[in-house]
Amino acid sequence: MTMQPPMLNNYCRRCHAAIMSSAHTCPLCGLSRPNLSILSDEEKKFLASPPNIPERFENMITQISAVKPLYSQIFKLYFTYLRSEKDGSNHIKALSVLGISIVIYLLTLLKNILFLKQLFLMLFILSVIYLIYDSIAFFKSAYSTYIVNRLQIQGGTSPYSVHFKIETVLQNTLKGLQSVLYAFYEKPWEEMAKDTNIVEAGQSFILTTKAITSKIKKFAGLSLETITLLWRNNVYAITSFSNLSYEEKITHLKLKITEAKAVILRYLWLRQLEMAYVFLEDHLNGKSGRSTEEERSYVIEGMQLGLMGPLTEPYNGNFETIPYELPFIMRYYWHQQIQPSEFPVEEIIEHYPETSELFESIGQVQNLISKLEEQKIMNIAEEAVKDDYRTESEITSEATQIKRFQLYSDYLDIPKFQPSDDDLLKLVDKLNAQIRVNN
């Protein structure tokens, strides 16, 4: 019998990836010191309730480096703050008032005027109190920012950083394609055809469309590969969370399957955009049988590239919903396009074999859900046994007949769902190289 690897039960405090307890950086998001348990109590407090920084210190705190000791930066930053006409204006005014009060004090030495003595004391005390208060607030803000920055140190590039880059490139490239198509259909081609060879005149649009869709095709492939990796790790994290009940795990895993199907639908759409130039050629050659205005609506809206279409859906590349939801552009739209009927898996794989790995993982998760549902029923039965029988021996003899499902690794291909750090590093390097070449 093959020895199954144990499930990891430590998690990154930002992306919730399953990690080794001694991990210095998260292999998925690149965060340094990802294990919450190794942080100091003070750092945990800062994570739970980040401090508010006064607005007058905002320019200063952006210069604080988390990789250098605070004492080597603090005084330089303090004098930078004092020299700032905008941020340190109140501090400078307090220093000016202090200077005036000292002048008044010198005058009282020449003439013993009681009013001037009282004015000196009042101004001196008020300005000193403010200067002390402002300096303490400065050093507290600097220290707080330093701690927060330390908690956000990145250990290097990571699959999530690659994913966010790809999504940004896809978003911008799709908007570029949208702009080219609108520009093409704004041309009065019917009028231009009377005295111009519109086939030649439209060649620049066709070549631009081909270039843009070629880039989309390449980044669609990179996106599918990266999302498949992240999606598997999300599934692994959900299954290994000890604080989730079987019911919660089942619910989240079913949502992850829906998410994977949405990713595949989006990939198919991105690949089909490759043929956009054909619509332009047919229109220039008079093969479409529609006017320019009719063709614009037919092509642009039909390809989901309208100005009011799914591209306007807001996208935020962050870690707020991970691992339960992966952020990707047009996420909500593609979730809505999933039909209740069975997914044509074999047909999709036949045309796009690169989707087979994600489909294979979906199948494994579906099997896992079935086993979790069985285990949920078994747990209910075991609880019923405990309620009905009072003696320990009776409970044991009855309950041992109910087999527990504990090893998720019997149903998930762990090396794929939880690859080693070395494998992840190689993949990230490869993806980054491809991004540089294709971008």
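Author: What follows starts with the cysteines, then turns to a surface patch and to confidence. The model is predicted.

How many disulfides are found in the whole structure? The search finds zero. A disulfide is a covalent bond between the sulfur atoms of two cysteines. The cut-off used here for a pair of cysteine sulfur atoms is 2.5 Å. Take C12. Its closest cysteine sulfur is in C29, 3.6 Å away, which is too far for a bond. Now take C26. The closest cysteine sulfur to its own is in C15, again at 3.6 Å.

Are C12 and C26 buried or exposed? C12 is buried, at a relative accessible area of 1%. C26 is buried as well, at 2%.

Next, the surface. I102, F124, I125 and I129 make a nonpolar patch of about 350 Å². Helix α5, residues 114-151, gives the most to this patch, with three residues. I125 sits in helix α5. It is partly exposed, with a relative accessible area of 46%.

Last, confidence. The chain has a mean pLDDT of 79. Of its residues, 75% reach 70 or more. Confidence is highest in helix α13 (residues 331-336), at a mean of 94. It is lowest in helix α16 (residues 392-399), at a mean of 42. Over residues 389-407 the pLDDT is below 50. Beyond near neighbours in sequence, that stretch has 25 contacts in the model.

Terms used. Residues are numbered from 1 along each chain as its sequence is written. This is a predicted model: local features need pLDDT of at least 70, side-chain atom pairs count only at pLDDT 80 or more; totals for chains, interfaces and linings use all residues. Side-chain values use heavy atoms; hydrogens and water are left out. Patches are made of residues with over 30% relative accessible area and no salt bridge: like charges are joined within 9 Å, nonpolar side chains (Val, Leu, Ile, Met, Phe, Trp, Tyr) within 5 Å. Accessible areas come from the Shrake-Rupley method with a 1.4 Å probe; for residues, only the protein chains shown count as cover. A salt bridge is a side-chain nitrogen of Lys or Arg within 4 Å of a carboxyl oxygen of Asp or Glu. Helices (H or I, at least four residues) and strands (E, at least two) are DSSP runs, numbered from the N terminus. Buried means under 20% relative accessible area, exposed over 50%, partly exposed in between (1.4 Å probe, protein chains only). pLDDT is the predictor's confidence in each residue, from 0 to 100. Contact means heavy atoms within 4.5 Å.
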